[in-house]
Structures are given as C-alpha cells and as structure tokens.
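Colleague: I would like to learn how to read salt bridges in a model. Please show me the structure and take me through it.

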Amino acid sequence: MSKPPQEIIREEILALKAYHVPDAGGMVKLDAMENPYGLPETLRNELSRVIDQAELNRYPDPGARRLKARLRSVLGVPPGSDILLGNGSDELIQMLIMATARPDAIVLGVEPSFVMFRMIAAFCRVRFEAVPLCHDYTLDAEAMLRAIAAVQPTLIFIAYPNNPSGNLFDEQALAHIIEAAPGLVVIDEAYHAFAGKSWLPRIGDYPNLLVMRTLSKLGLAGLRLGLIAGRTEWLSEVDKVRLPYNVNVLTQSIAERVLQHHDVLAQQALAIKAERAALFSALQRIPGAVPYPSEANFILFRIVDAPRVFERLKERGILIKNLHGSHPALADCLRVTVGTPEENERFLSVLRDITTNVPGADSGGGRRLE
Ligand SMILES: Cc1ncc(COP(=O)(O)O)c(C=O)c1O
C-alpha cells in the first residue's frame, strides 16, 4: 500500500504554509504592490502586433539576447557586469540559494522583510538566520555585523527599500555589511522605481555584490521578469541552475517592446510617488493610525485593532494586506499599496468610516503605537 503524503513529503515542507494569494475578484486591489495604471492604448496596439508576430511554436531565445541588451541600456547596468534573467525575481532568489546550498550554507536576512527569502531557503533545505530590525524598522548594523561574524553566511539578502516597512537602510551600514560578508550580498531593489537610490552603479566596487531588480512593481507584474546584475564569475555559476527557457517568448518580446517606451513606466512611477505622499498625509490624519515613511509603492501603518480593520475593509470591497500575526514586530500592522487617486480615496473614505466605529480609536483615546 502506498504511503500518505505525511510520510513522503519532506518534513520542512509539511511544516510550511503555502504562500497565500487571496482572491481579489471585484475588489479595489491594494494588496500586492502592483502598478494600478494600465498601458496606454497606442502601446497596447503595438503589443498586439508583437504578439501577432511571436513564434509560439519555437522555444524562446535561451540567452534572451535582445531583451538583455535593452534592459542593460534602460536600467544603466554598468559595463563589465553581467545580467541574469528570471521568471520574476522570486525565481532568481531560488536560483541563488540553490546554487549556493552547500551542506553548511547559511542564508542571512533581516526581519521583518520579504518572506520569500526564508521560504525559498526552506525549499532548498538551507538554514536561514534573521537579524531583527530596530523598533522603527531601521537596520541594526551592529547586530548584523555580529551575525555575519558568528554564522559566516553564504548569502545575505537585503531588500532596499525593505518590504513591508518601505524604508531604505543606511548606506554606510550596508557598505560595512558588504565588506564584512564572506559570501554574496544581494541587494533586492524591487521597489527601486519609487526610491531613486540604487546600488547598481556601485556594483563594480565590490566583488561580492549582486543587485536584483524586477519589472513587476513598475507595471509588468503579469509578465514575470526579474534580473540580477553582478560579476560574470558569479552569474555564470548561478546560470547553471537556471531551467532552460525560463523566460518565455511572450515575456521576452513584450518586455523588450515596452522597455522601448520606458518613459511611460517612469511617468507612472512618478504619479505613484506623488500619490504616496498624499496617501501618507491622509493616513496620518486617521484616528489611531500611524503610517511609516515609505520609499516604495506601498505604506505600512499601525492601527488600533488592525485585523478587524482589515476584515471590515475587505467586507466593503477593499483588499489590502494584513500583517498582524505574521511577525511580532508587525503587530497591528497593515500594508496598503498606492493605487490610483480614486482607489486611494475609496480606501481612505472607508477607513475613515471604519475607524470612527472602532472602540478606542477616536483621536482622543486612540492607542498610538510607535
Ligand atoms: C523585496 C521583494 N523582492 C522580490 C519580490 C518579488 O518580485 P517578482 O514579482 O519579481 O517575483 C517582491 C514582491 O513582493 C518583493 O517585495
């Protein structure tokens, strides 16, 4: 008789909770850091022609040469560094951990941060260690340097800006971390378009620095395209664990064409940044809410009775992210993606309505969490 999954599936996989993506059908979707703006009609028409000509009967170019050349020029990848493409940056995180998963390998990160660093380490049976961020989500540089000395990590992941806190970490502290690291340091710049600061121009300064980007937050989440830049001596090794044809024909041709109109995405990112400022001030005025300054396209905020606020928003057709319960440092925290002005206004008006009905959340008696 065959055995049940509990006896066949690896124990650490049995212990995991699957990455949950809630159904957002018919809702104002502000949960996943997507760009809320579609592409202009002229560009969509151009893309129809690209799709029309795509050779779907053929495998994609395994080296994605045209797309890589376009990405290099649009993103300003410094000469002398190589790039590697992934089916979203999630796949690149997986490739990096897989390629370095020696029996004694340790991946180091900070927490709270992007959950896939820890999850993918578990998929690959690699130990993951996290250094807690300070109470205001800044980097505890001393603790990080102590952890590096103690565990000698193979790989360090730093999201810059960080998800879910939205802040950029201190540059000087990061430079010390990169210098002290015995292995690779990956700066994950998924939210770069909204931050304006980057380690990409400094990639040549450090032999162990890799910089990761994605097109997801820029407006192409559905295409699934991420990239990592760094020295060839590293990327040529990581490339060996890449599945052939990981970036499909449509992603290659559509991304290449959209990037010819990169200014469209850059304009949208500017609009999102302006809206972020408006949303932040509006959140500051919500009784019982404390937003954290953000350099990304989302805002983390604490609010009295967060899980209930989240549920009430959902009942009224607004989906954001409930982080309460995901990490002790995120108690009473919710994360909202910056949407269109109309979406943000809808979110704020429902939130205002809810908070006036939450016990203890009036501006006088509200519990202000710092
Ligand atoms: C810090 C960070 N890195 C990577 C990703 C994943 O990006 P992609 O869509 O390219 O897989 C996310 C998504 O939320 C993120 O927050």
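Modeller: Glu 129 and Arg 127 form a salt bridge, with their closest N and O atoms 2.9 Å apart. This is a predicted model, in which local features need pLDDT of at least 70, side-chain atom pairs count only at pLDDT 80 or more, and totals for chains, interfaces and linings use all residues. Residues are numbered from 1 along each chain as its sequence is written, and side-chain values use heavy atoms, leaving out hydrogens and water.

Colleague: What is a salt bridge?

Modeller: The term means a side-chain nitrogen of Lys or Arg within 4 Å of a carboxyl oxygen of Asp or Glu.

Colleague: How many salt bridges does the structure hold?

Modeller: There are 19 salt bridges. Among them, Lys 240 pairs with Glu 237 at 2.7 Å between the closest N and O atoms. For Arg 65 and Asp 61, that separation is 3.1 Å.

Colleague: Is Arg 65 buried or exposed?

Modeller: Buried means under 20% relative accessible area, exposed over 50%, and partly exposed in between (1.4 Å probe, protein chains only). Arg 65 has a value of 62%, so this residue is exposed.

Colleague: Which residues are linked in a network of salt bridges?

Modeller: Arg 10, Glu 12 and Arg 125 are joined in such a network.
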